[in-house]
Amino acid sequence: MKTKHILSLSYGKDSTALLLYIIKHKLPLDHIIHCQIMFNKEISGEHPKMAEWIPQAEKRINKLLKDNGYNCQIENITAKKNFCEQFYTVKNKGRHIGDKYGFPFTIGAWCNGRLKLDPIDNYIKKFKKDFAIVQYVGIASDEPKRIAKLRERE
């Protein structure tokens, strides 16, 4: 079975460092995905400085990939619903049927799963029938809980 190598890029320090490591060591890379979180249909959910930085970084990274012989570019994906739409969505399963999602809690926040992880998982699923998947995720070594959660999702 062929393999697809996919990097999830947030443009933060960890995923960017991982991308640079992949390029430096000429590791295989077929797809780079950035899950763009939207507040509403017009406004990014990113911090304004980050929203300003991302298009500039994307151009630089795509050039770096091309200059180093990679045949892929950053693909931007988004969730089916933006933050505002999900905020008012009524829950239809679980212990809180009929409640709106509302403001996310600090622990177990719905926004990370619904607006970022689910779209990434859906993107990767389209390849799983025909390919083995290697997913690159940049995580700092001081994030053992995050690493454990990712392993549980496999």
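Trainee: What is the volume of the second largest pocket?

Mentor: About 350 Å³. A pocket is found on a 1 Å grid over the protein atoms alone, as an open set of points where a 1.4 Å probe fits, with protein on both sides within 12 Å along at least five of seven lines; lining residues have an atom within 4 Å of a point. The volume is the space filled by probe spheres set on the points, which are joined across faces, edges and corners. This is a predicted model, in which local features need pLDDT of at least 70 and side-chain atom pairs count only at pLDDT 80 or more, while totals for chains, interfaces and linings use all residues. Residues are numbered from 1 along each chain as its sequence is written, and side-chain values use heavy atoms, with hydrogens and water left out.

Trainee: Which residues that line the second largest pocket are the closest to its centre?

Mentor: Of the 17 lining residues, K80, K81, Q86, R114 and D118 are the closest to the centre. Helix α4 (residues 110-128) supplies the largest share of the lining, five residues. By class, the lining holds six nonpolar, five polar and six charged residues. Here Ala, Val, Leu, Ile, Met, Phe, Trp, Tyr, Cys and Pro count as nonpolar, Asp, Glu, Lys and Arg as charged, and the others, Gly among them, as polar.

Trainee: How many helices and strands are there in the protein?

Mentor: Five helices and four strands. These are DSSP runs numbered from the N terminus: helices are H or I with at least four residues, strands E with at least two. From the N terminus on, the elements run β-α-β-α-β-α-α-β-α. The C-alpha trace spans about 50 × 35 × 30 Å along its principal axes.

Trainee: In what order do the four strands form the sheet?

Mentor: Two strands pair if DSSP finds at least two bridges between them. In this structure the order is β3-β2-β1-β4, an open sheet with parallel pairing. The strands β3 (74-77) and β4 (132-137) stand at the edges with a single partner each, so one side of each has no neighbour in the sheet. On average, neighbouring strands are turned by 30° against each other, direction ignored.

Trainee: How many bridges join β2 to β3?

Mentor: Four bridges join β2 (residues 31-35) to β3, and C35 has I77 in β3 as its bridge partner. Three bridges join β1 to β2, where I6 stands opposite H31. Between β1 and β4 there are six bridges, and K4 stands opposite I133 in β4.

Trainee: Which strands does helix α2 touch as it packs on the sheet?

Mentor: Contact means heavy atoms within 4.5 Å. Angles run from 0 to 180 degrees between N-to-C directions, and axes are lines fitted to C-alpha atoms, for helices over the stretch in contact. Helix α2 (residues 48-67) touches β2 and β3, and its direction makes about 145° with that of β3. Helix α4 touches β1 (3-8), β2, β3 and β4, and its direction makes about 155° with that of β2.

Trainee: How many residues of β2 are buried?

Mentor: Buried means under 20% relative accessible area, exposed over 50%, and partly exposed in between, with a 1.4 Å probe and protein chains only. Five of the five residues of β2 are buried, so β2 is largely enclosed by the rest of the structure. Both of its faces are covered, with H31, I33 and C35 on one side and I32 and H34 on the other. Strand β1 is mostly covered, with five of its six residues buried. Of the 154 residues of the protein, 32% count as buried.

Trainee: What is the phi of Y11?

Mentor: Near 75°, a positive value in a residue other than glycine. Y11 is in the loop between β1 and α1 (13-24) and counts as buried at 5% relative accessibility. K26, also not a glycine, has a positive phi of about 55°. K26 lies in the loop between α1 and β2 and is exposed, with a relative accessible area of 57%.
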